[in-house]
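Subject: Handover of a structure, with notes

Hello,

Please find the structure below, followed by my notes on what was found in it.

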Amino acid sequence: MSARTADITGRYVYLDIEGVEYRVYYEEAGTGVPVILQHTAGCDSRQWRHLLEDPDFTSTYRLIAPDVPFHGRSLPPESQQWWTEEYSLTQNFFIAFHLALLDALGLDRPIFAGCSMGGHLAPDLALHHPGVYRAVIGIEAAMESHGVERILPWLYHPRISNDTKPALMYTLCAPQSPEAFKRETVWVYSQGAPPVFKGDLHYYLVEHDLTETAKTIDTTKTAVHILNGEYDWSAYPAAGQALAAEIDGATFATMPGVGHFPMSENPEAFKQYFMPLLKQVAAQ
């Protein structure tokens with residue numbers, strides 16, 4: 001069997017975020033309209049590898065998948081004694097990271113697509129920085145995800161095995177998603193630094209809340225589209241629908257047959273929903 005190749009380029013860029021320099025890794029593939037792909041909590045850009053290898057996407061779009069600092073190959077900053085304090089992702093840092101990335105790469109009104117914590121970030125970007133992105137696509141998004149933050153102490157505890165995290169993520173996948181891809185999804189999860197998943201969930205479960213502000217998002221400046229998987233018990237379809245209903249001009253769709261990680265657990269099923277939506281927003 002001859003070796004296959006994937007035309008994906010990995011690069012590092014140094015970003016100044018809130019006065020600290022971070023060495024950030026990102027992968028990109030394709031040419032055309034730029035699309036930023038944001039990974040889920042406690043994970044990294046490998047979740048998007050199926051899209052980055054798909055010529056149906058890369059022939060039309062410049063896909064850019066970064067690792068947020070402390071994730072994947074974006075190591076903690078050299079200048080800080082980061083080990084002396086608890087890692088916790090804040091909305092301000094998350095937004096500042098993406099604005100710094102756009103500036104460093106010279107991107108003009110790209111499309112933003114994020115899943116889970118990235119799905120939550122999508123409408124937050126549209127709210128706080130209207131017009132910077134031509135469109136945001138919130139995958140597994142919700143108005144808020146309060147109510148289960150009591151689990152946070154157990155996600156980084158000496159009596160809890162690191163196997164807990166990937167096992168929990170497995171339950172978020174749809175039963176009919178290909179087993180190999182579900183296992184790949186949780187394998188990548190098992191490799192994240194244990195405190196990072198808990199720290200990311202501070203933003204996902206505690207800080208993110210558009211209950212009072214979603215209605216103020218201006219979709220004439222940044223279009224908003226929400227996609228939620230049928231089998232996602234964390235950001236379930238009704239939660240995504242409720243968010244879209246609050247935003248004048250937003251769209252919503254349920255993705256049958258997928259769970260919380262559609263791009264990695266069942267990329268072919270995800271493609272049926274994501275590809276037409278990208279085509280729509282790229283023309284705007």
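Predicted model: local features only at pLDDT ≥ 70, side-chain atom pairs only at ≥ 80, totals over all residues.

**Proline 158 and its loop**

Proline 158 sits in the loop that runs between β6 and α5. With a relative accessible area of 81%, proline 158 is exposed.

Glutamate 144 belongs to the loop between β6 (135-139) and α5 (164-170). This residue is partly exposed, at a relative accessible area of 31%. Together with Glu149, Asp209, Glu212 and Glu246, Glu144 forms a negative surface patch. Membership of such a patch requires over 30% relative accessible area and no salt bridge, and the 31% of glutamate 144 is the value to compare with that cut-off.

**Salt bridges**

The count comes to 11 salt bridges. Some of them are described here.

- Aspartate 44 pairs with arginine 46, with 3.0 Å between the closest N and O atoms. Aspartate 44 is buried at 6% relative accessibility, whereas arginine 46 is partly exposed at 36%.
- Arginine 49 and glutamate 53 meet through their side chains at 3.4 Å, N to O. Arginine 49 is partly exposed, with a relative accessible area of 26%, and glutamate 53 is partly exposed at 38%.
- Arginine 183 is bridged to glutamate 179, and their closest N and O atoms are 2.8 Å apart. The two residues are separated by about one helical turn, because they lie 4 residues apart in helix α6 (residues 179-190). Glutamate 179 is partly exposed, its relative accessible area being 36%.

Salt bridges with shared partners also join Arg11, Glu28 and Arg62 into one network. Within that network, glutamate 28 is located in strand β2 (residues 20-29). Glutamate 28 has a relative accessible area of 10% and is therefore buried. Its side chain makes a polar contact of 2.9 Å with the side chain of arginine 62.

What does aspartate 67 have instead of a salt bridge? Aspartate 67 is placed in the loop between β4 (61-66) and α3. The residue is buried, and the nearest side chain of opposite charge, that of arginine 73, is 5.2 Å away. A salt bridge needs a side-chain nitrogen of Lys or Arg within 4 Å of a carboxyl oxygen of Asp or Glu, and aspartate 67 has none. The side chain of aspartate 67 does reach the backbone nitrogen of arginine 73, at 2.9 Å.

- Glutamate 18 has a phi near 50 degrees, a positive value in a residue that is not glycine. Its place is the loop between β1 (9-17) and β2. At 53% relative accessibility, glutamate 18 is exposed.
- Arginine 109, also not a glycine, has a positive phi of about 45 degrees. Arginine 109 is found in the loop between α3 (91-105) and β5 (111-115). Its relative accessibility is 32%, so it counts as partly exposed.

Regards

Note on methods:
Residues numbered from 1 in each chain as written. Heavy atoms only, no water. Patch = residues over 30% accessible without salt bridge, like charges linked within 9 Å, V, L, I, M, F, W, Y side chains within 5 Å. Areas by Shrake-Rupley, 256 points an atom, 1.4 Å probe, with all protein chains shown as cover. Lys, Arg positive; Asp, Glu negative; His and termini not counted. Charge placed at Lys NZ, Arg CZ, Asp CG, Glu CD. Buried < 20%, exposed > 50% of the residue type's maximum accessible area, 1.4 Å probe, protein only. Polar contact = N/O pair within 3.5 Å; in protein donor to acceptor, adjacent residues only side chain to side chain.
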